[in-house]
Amino acid sequence: MDSYLRWAGRVSRVFAILSGLLMPWFGHASDLYLYNPETNIDNFASLKKKFEDYFSGKSALGFVPFSKGGEFDEALKGLSSSGSPAVLLISSWQFRDLPATLSPQPLLVGEIKGGFTQRKILTARNGVKAGDSWSGKRLASSASEPYTRRMLKDMMPDKDEQAVKVIVVPKDIDALMSVAFGMADLALTTEMSMEKLKRVNPTQFNMLTTLASSGQVLLPVVVSVNNMMENKQSASVSRLLSAMSDSDDGRIILQMIGLDGFRKPGAGVFAQMNGALP
Amino acid sequence: MNLSIRGQVIFSIIMLGMMLIMGGGVPAVAADNGHKVLIVNSNSQVEQYALMEKVFRESSTKLEHSTLDLESSGDPKTLIYRAIRDRQPDLIFCIGTRAHAMVGEVAPTEKRIFASVINWKRFPVGNVTFGISHELMSDMQFTMFRMVFKDISSIGILFDDKVNKEWVAEAAQAAQRAGMKLVSHPIAEEQALSNALDELLPKVDALWLIADPVVLASRESVELIFRKADAAHKPVLAYNDLFASNGASMVMTADLKTIAIQAASLAEEILLSNHLPSEPVQTPAGTSIVLNLRKIKEHNVPINPDALSLVNKILE
């Protein structure tokens with residue numbers, strides 16, 4: 001019995017040492033929360049499997065996507081009260097709205113074609129002018145309604161952004177085609193989506209006119225909360241997400257969320273998130 | 001009981017009132033702000049119908065809603081009649097073909113909006129009927145094909161000339177507008193399917209499956225189509241999720257949530273702005289795409305790098 005107990009004690013000590021060494025890499029069993037009201041990501045079942053497969057063996061991070069702002073806000077309240085560490089993948093303008101109690105720290109920014117910003121474009125059918133009334137007009141957007149109205153207000157402050165009826169559609173290209181074919185009067189999309197439509201179907205593209213465009217908007221950002229990120233953990237999660245563009249599995253995930261990769265931007269970029277730019 | 005004359009009169013009035021109310025001769029009196037919608041659901045146990053009702057309600061919060069599920073116990077037409085009589089809706093929202101057909105029979109002059117109705121054109125559309133069709137515009141579909149697939153420029157289609165001739169002709173023009181070519185091959189009977197596939201598949205980059213009674217006459221026909229397309233390494237592009245399990249490389253359908261949002265917008269336009277839409281029936285504004293990556297890899301069909309951001313579901 002004594003020899004058994006001594007053996008068990010030795011094994012326990014070894015296990016404790018190993019856990020302490022490995023924890024900074026595997027981290028706590030924390031989660032990556034995804035909520036991006038700028039796009040209508042609808043493929044959660046596929047996305048969840050892809051993320052979990054990617055994390056498996058590399059990290060203890062789980063993946064928790066949200067499609068509704070209300071549910072995401074409730075999750076943030078839960079994180080605030082529990083103090084549990086987590087990582088968020090969110091729209092850059094949401095960073096400003098994160099409660100200070102979460103101690104949010106930006107880590108990475110999304111990247112498309114080497115850049116980490118994009119512009120939003122307000123489009124209508126040819127013949128419609130920027131000065132026309134919006135009353136009763138239908139606006140198609142793949143972003144959430146609150147985000148859409150916020151962008152409208154930023155882009156055209158003299159207009160009443162509440163006057164339009166927002167039709168939320170699954171993708172930017174749906175919004176553009178809706179305007180081209182009369183299911184909507186206006187569309188709010190990214191400049192990149194307009195370029196894609198121009199390339200794929202110039203006939204439809206030429207049916208549209210640009211009414212307004214935003215300034216450069218940061219792409220989605222990765223943020224740690226509740227002091228998850230001690231230095232080793234921060235570096236570990238940042239490396240894991242930055243490396244997604246280097247593997248086939250990682251690239252598929254990035255394509256599903258409309259990005260080419262994640263990177264740590266230069267100094268000052270994250271300061272924009274607290275400033276005037278959405 | 002020995003009542004005075006006054007008591008008898010009062011008693012009679014009370015009894016008469018109760019009889020009228022119980023007999024249904026007096027419509028329910030309620031605050032009428034002109035914003036009441038009766039949602040007639042063909043079957044709220046069907047997932048897509050339940051989703052449509054939920055999203056419609058969430059997207060039309062300025063309106064007052066009540067629901068009638070046609071699967072409730074009782075004769076559906078009687079249920080509809082009573083619901084309209086008692087609730088006095090300003091508009092009826094019909095979810096599903098059954099609801100639309102029955103409301104049209106029971107109350108043909110009541111303003112209504114329909115959604116989730118297959119082939120809505122077979123029903124009369126008067127000046128009180130509005131709706132969102134269930135079928136995507138061909139132009140939208142070809143644009144999506146171009147968005148997803150890098151190298152597909154010619155798409156083959158089999159169809160019954162008697163049923164789909166005009167639709168296919170219009171689709172061919174839509175293909176041209178999108179910089180693609182639609183290669184059509186009519187067939188008159190199921191027995192001609194095998195030879196038609198042998199002739200068509202070598203000439204095209206992909207096969208487009210549409211709802212056609214001759215082409216999809218039987219399960220054996222469906223299996224034959226996918227077997228021959230697989231052997232020729234040609235992806236099949238389908239219109240219904242059911243074909244994903246057969247091996248369709250891509251399935252494109254109208255997005256149901258968007259249809260419900262469009263219906264809600266239509267309802268608010270009719271009731272709040274007192275304005276009847278110039279186009280009574282809209283086409284769906286949103287697309288839902290399922291991509292079968294396993295089949296795409298099997299057929300070595302390249303997709304655009306950003307195609308996955310357009311996809312709602314990936315099969316592997």
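Residues are numbered from 1 along each chain as its sequence is written, and chains are lettered from A in the order in which they are written. In this predicted model, local features need pLDDT of at least 70 and side-chain atom pairs count only at pLDDT 80 or more, while totals for chains, interfaces and linings use all residues, and side-chain values rest on heavy atoms, with hydrogens and water left out.

The contact between the chains, where contact means heavy atoms within 4.5 Å, takes 30 residues from chain A and 37 residues from chain B. The buried area, that is, the accessible area (1.4 Å probe) that two parts lose on being put together, summed over both, is about 2800 Å² between chain A and chain B, and carbon and sulfur atoms give 57% of it. A:K171, A:M183 and A:V200 supply 21% of the area that chain A buries against chain B, which is more than any other three residues. Between the two chains there are 3 salt bridges, a salt bridge being a side-chain nitrogen of Lys or Arg within 4 Å of a carboxyl oxygen of Asp or Glu. One salt bridge joins A:K50 to B:E316, with the closest N and O atoms 2.5 Å apart. On the side of chain A that touches chain B, the residues divide into 13 nonpolar, 8 polar and 9 charged, where Ala, Val, Leu, Ile, Met, Phe, Trp, Tyr, Cys and Pro count as nonpolar, Asp, Glu, Lys and Arg as charged, and the others, Gly among them, as polar.

B:L200 is itself buried, with a relative accessible area of 1%, and, leaving aside neighbours within four places in sequence, B:L200 is in contact with B:G156, B:I157, B:L158, B:V183, B:H185 and B:L207.

Helix α8 of chain B also holds B:D230, which is linked to B:K295 in helix α10 (residues 293–298), 65 residues apart. The two form a salt bridge whose closest N and O atoms are 2.8 Å apart; B:K295 counts as buried because its relative accessibility is 6%, whereas B:D230, at 27%, is partly exposed. Salt bridges that share partners join B:D230, B:R294, B:K295 and B:E298 into one network.

A further salt bridge of chain B pairs B:K77 with B:E105, the closest N and O atoms being 2.5 Å apart, and this pair links helix α3 (residues 76–87) to helix α4 (residues 97–106). Here B:K77 is partly exposed at 35%, while B:E105 is exposed at 52%. In chain A, the side chains of A:E145 and A:R149 meet in a salt bridge of 2.8 Å, N to O, and, because they are 4 residues apart in helix α5 (residues 145–155), they are separated by about one helical turn.

Key: Buried < 20%, exposed > 50% of the residue type's maximum accessible area, 1.4 Å probe, protein only. Helix = DSSP H or I, 4+ residues; strand = E, 2+ residues; numbered from the N terminus.
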